[in-house]
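I am opening a new page for this entry.

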Amino acid sequence: MQTTTLTIDGMRDEQCLRLVTNAIQDLPGIGYLEISLETGQATIEHGVFVSSADIYQAVEDAGFSAR
């Protein structure tokens, strides 16, 4: 498993958190996912067939920015 850590901007409430969580979990091979609503920090463990770019794209497709 690989680990990607990123900061997600624009989350305001639990609904935003659910949108981002679902977008990332829809990717294949997501093993562990933790997102802090307060800080925007996300830690994602994933298989080698999912790249960090795929995760960033999923976050952006959900309507948020990631860095």
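I looked up the surface and found that the protein chain exposes about 3,900 Å², an area that comes from the Shrake-Rupley method with a 1.4 Å probe. Of the 67 residues, 39% count as buried, meaning under 20% relative accessible area (1.4 Å probe, protein chains only).

I noted that this is a predicted model, where local features need pLDDT of at least 70, side-chain atom pairs count only at pLDDT 80 or more, and totals for chains, interfaces and linings use all residues. Residues are numbered from 1 along each chain as its sequence is written, and side-chain values use heavy atoms, with hydrogens and water left out.

Next I listed the elements: the protein chain has 2 helices and 4 strands. These are DSSP runs numbered from the N terminus, helices being H or I with at least four residues and strands E with at least two. From the N terminus on, I read the order as β-α-β-β-α-β. The radius of gyration is 11 Å, close to the 11 Å of the globule rule for 67 residues, so the protein chain is as compact as a globular protein of that length. That radius is taken over C-alpha atoms, and the rule is 2.2 Å times the number of residues to the power 0.38.

Last, I checked strand pairing, which needs at least two bridges found by DSSP. Strand S1 (residues 2-9) runs antiparallel to strand S3 (residues 41-46), joined by 6 bridges; Thr5 has Thr43 in S3 as its bridge partner. S1 also pairs with strand S4 (residues 65-66) in the antiparallel sense over 2 bridges, and there Asp9 has Ser65 as its bridge partner.

Methods:
Buried < 20%, exposed > 50% of the residue type's maximum accessible area, 1.4 Å probe, protein only.
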